[in-house]
Amino acid sequence: MKITIKTIIVSVFLVIASTGQMKAQGIPVYDNTNFLSLIKQLFESAKQTSEMIKTVKFLKQAKETIEKVNSAVAQYEAVKEINENNEVLVNMVRNDLRGILNSPYIRPDEIDAVSNAFNTIIDGSLRNLEFMNQVLSNDFLKLNDAERLEILEAHWDDSQKMIADITLKNKRYKLIISFREMQDRINNRETNY
């Protein structure tokens, strides 16, 4: 019985001791394979992130370059069209004004008015060309490309209006000449009876 009492006491002591906090002792166990694989994944993520940052920077620079080229192309097109419009103006004035002024149906007192009407448009066209050259210089009021393009488009609109104005004046003077020529034929017709 002594053994059984000793066994019961030891068992009770172990049960009482085990009801308190039990703490494990010893060295924690790590899975080295999982830990190394996690570190490798972190390094790969860092590499991919840095590559993505480089790609974003490259795309941003490419976008800025494309915008500059688009702006330059648009400016070139606007300048080209303005120059073409001014060339049309000069040719119209040169050819049509000569034909109008050489007509016997334009009175001498009208020559100055006709010449002044055409010359005013040509002077405006030349002023626009000069201003356009100033706008295209890089130092003109420190304009950016969009502002420069906006000014060029306004001058393109002006050059279109000048062509319409010259065409209208030309048509009006030709109608006057045609009317006077018809009037002259009616007044000076010969009767053949």
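User: Buried means under 20% relative accessible area. With that in mind, is N170 buried or exposed?

Analyst: This is a predicted model, and in it N170 has a relative accessible area of 9%. That value is under 20%, so N170 counts as buried.

User: Where does N170 lie, and what does it touch?

Analyst: N170 is part of helix α4. Leaving aside residues up to four places away in sequence, N170 touches D96, I100 and F118.

User: Back up a bit. How many helices and strands does the chain have?

Analyst: The protein chain has 4 helices and 0 strands. Read from the N terminus, the order of elements is α-α-α-α.

User: What share of the residues is buried?

Analyst: Of the 193 residues in the protein chain, 22% count as buried. The chain exposes about 15,500 Å², and carbon and sulfur atoms supply 59% of that area.

User: And the contacts, what share comes from residues 24 or more positions apart?

Analyst: Among contacts in the protein chain with a separation of 6 or more, 78% are between residues 24 or more positions apart.

User: You mentioned F118. How many aromatic pairs are there in the whole structure?

Analyst: A search of the whole structure gives 1 aromatic pair. The partners are F118 and Y173, with ring centres 6.1 Å apart and planes at 35 degrees.

User: Why is that pair called tilted?

Analyst: Planes under 30 degrees apart would count as stacked and planes over 60 as edge-to-face. The angle between F118 and Y173 is 35 degrees, so the pair is tilted.

User: Which residue lies over the face of Y173?

Analyst: That is R172, at 5.1 Å from the ring centre of Y173.

User: New topic. How many salt bridges are counted?

Analyst: The count is 3 salt bridges. One of them joins R107 and E110, whose closest N and O atoms are 3.6 Å apart. Another is between the side chains of E110 and R180, at 2.6 Å from N to O. This pair links distant parts of the chain, since E110 is in helix α3 and R180 in helix α4, 70 residues apart.

User: What about R107 and R180, how accessible are they?

Analyst: R107 is partly exposed at 45% relative accessibility. R180 is buried, with a relative accessible area of 14%.

User: Which residues make the other bridge?

Analyst: R185 and E181, with their closest N and O atoms 3.2 Å apart. Both lie in helix α4, 4 residues apart, about one turn of the helix. R185 is exposed at 58%, whereas E181 is partly exposed at 28%.

User: Last one. Which residues make the nonpolar surface patch?

Analyst: F179, M182 and I186 make a nonpolar surface patch of about 320 Å². I186 lies in helix α4, and at 48% relative accessibility I186 counts as partly exposed.

Key. Residues numbered from 1 in each chain as written. Predicted model: local features only at pLDDT ≥ 70, side-chain atom pairs only at ≥ 80, totals over all residues. Heavy atoms only, no water. Phe/Tyr/Trp six-rings, centres within 6.5 Å; stacked < 30°, edge-to-face > 60°. Lys NZ or Arg CZ within 6 Å of the ring centre and 35° of its normal. Helix = DSSP H or I, 4+ residues; strand = E, 2+ residues; numbered from the N terminus. Buried < 20%, exposed > 50% of the residue type's maximum accessible area, 1.4 Å probe, protein only. Contact = heavy atoms within 4.5 Å. Areas by Shrake-Rupley, 256 points an atom, 1.4 Å probe, with all protein chains shown as cover. Patch = residues over 30% accessible without salt bridge, like charges linked within 9 Å, V, L, I, M, F, W, Y side chains within 5 Å. Salt bridge = Lys/Arg side-chain N within 4 Å of Asp/Glu carboxyl O.
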